[in-house]
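Here is a short briefing on one predicted model. Start by looking over the sequence and the fold below.

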Amino acid sequence: MDNREEVREFLTSRRAKITPERAGLPTGPRRRVPGLRRSEVAALADMSVEYYAKLERGNLAGVSPTVLEAVARALRLDDAERAHLLRLAQAADGSDALARPRRRAAQQWKPHPSLQWTLDAVTEGPAFVRNGRMDLLAANRLARAFYSDVYADPHNQGNLARFTFLGPDARRFYPDWDQAADITVAILRTEAGRNPHDKEFHDLVGELSTRSDAFRTRWGAHDVRLHGTGFKRYHHAVVGELTLAYQGLEMAAEPGLTLTIYTAEPASPSEEGLRLLASWAATSPSSSPAPRTG
């Protein structure tokens, strides 16, 4: 994925989302673009139209933080979009090299024993570790049972994005499938800016783009997000409806990996559902995952 193309499409898509009214500009007649004109963004960012056009063509190498902030302010970027723009600029001039996740050898990945102990110590909710490609790398017993649909189909390869867009059970598992699909692609888009040189990542994006119209459309939107906390609804094949809160924690000891824990509201039907899931997991060998590679 060429960095200039990524920059160009990201800035163009953000400009198209900002209406003149939102930017505090008069609408005026005969507008031929859905959002702002380049000249309007340039004026809001206090720079020449020629210079902004250069940026939007993908030339971010050497651009100062002050200029990036002016562009972010003009385009009304949120925190996730600002961080994404900064990463794109760092990738353009190579200054992101030390911040990139360490490349792991293409062999079976095993968590450090202490990490697995930590996951196993979480007994009342699913806890797992994923990378930016959304591969499930390590999990406690309850997470293996929770994602039994993902693990059951070898074609998913333990990957949540592949399951979301290609898995036959995904729309049952995610009652709010459109929301889940939007979040999945936004996480992948964020990873594209954070780790632009990951071949396995680009292979995954190519596969999903080829096989899923829903993925391809969302990928073209260039939406990004910070995915740290919130609530989601699920429909598990064994225990039924679950509404769970989640917390995603970046792992300082393993750059590029995220530890996620799901919990249910105390004394709620979902908490009872997790107890039933734990009982099923304790007796069902099918809740064990296949080994992860990569």
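Which residues of β3 make up its covered face, and which its uncovered one? G230, K232, Y234 and H236 are on the covered face, while T229, F231, R233 and H235 are on the uncovered one. This is a predicted model: local features need pLDDT of at least 70, side-chain atom pairs count only at pLDDT 80 or more, and totals for chains, interfaces and linings use all residues. Residues are numbered from 1 along each chain as its sequence is written, and side-chain values use heavy atoms, leaving out hydrogens and water.

**The sheet**

- Five strands form an open sheet, ordered β2-β1-β5-β4-β3, with antiparallel pairing (strands are DSSP E runs of at least two residues, helices H or I runs of at least four, numbered from the N terminus; two strands pair if DSSP finds at least two bridges between them).
- The edges are β2 (136–139) and β3 (229–236), each of which pairs on one side only.
- Neighbouring strands of this sheet are turned by 30° against each other on average, direction ignored.
- A hairpin of three residues links β3 to β4.
- Eight bridges pair β3 and β4 in the antiparallel sense, and R233 stands opposite T243 in β4.
- Strands β4 (residues 240–250) and β5 (residues 258–263) run antiparallel, joined by six bridges; Y246 has Y262 in β5 as its bridge partner.

**Helices on the sheet**

- Helix α15 (residues 269–283) packs on the sheet and touches β3, β4 and β5 (contact means heavy atoms within 4.5 Å).
- The direction of α15 makes about 85° with that of β4 (axes are lines fitted to C-alpha atoms, for helices over the stretch in contact, and angles run from 0 to 180 degrees between N-to-C directions).
- Helix α7 (residues 113–121) lies across β1 (127–130), β2 and β5, at about 65° to β2.

**Helix α13**

- In α13 (residues 199–211), F201, L204, V205, L208 and S209 are buried (under 20% relative accessible area; exposed is over 50%, partly exposed in between, with a 1.4 Å probe and protein chains only).
- Cover for the buried residues of α13 includes α10 (160–166), α12 (177–194) and α14 (213–219).

**Helix α4**

- Y52, A53, L55 and E56 are buried in α4 (residues 49–56).
- Their arc around the axis is only 155°, which puts them on the same side of α4.
- They pack against α1 (3–17), α3 (38–44) and α5 (65–74).
- G58 follows α4 and has a positive phi, near 110°.

Technical notes: Arc of directions from axis to C-beta. Expected span 1.5 Å × (residues − 1).
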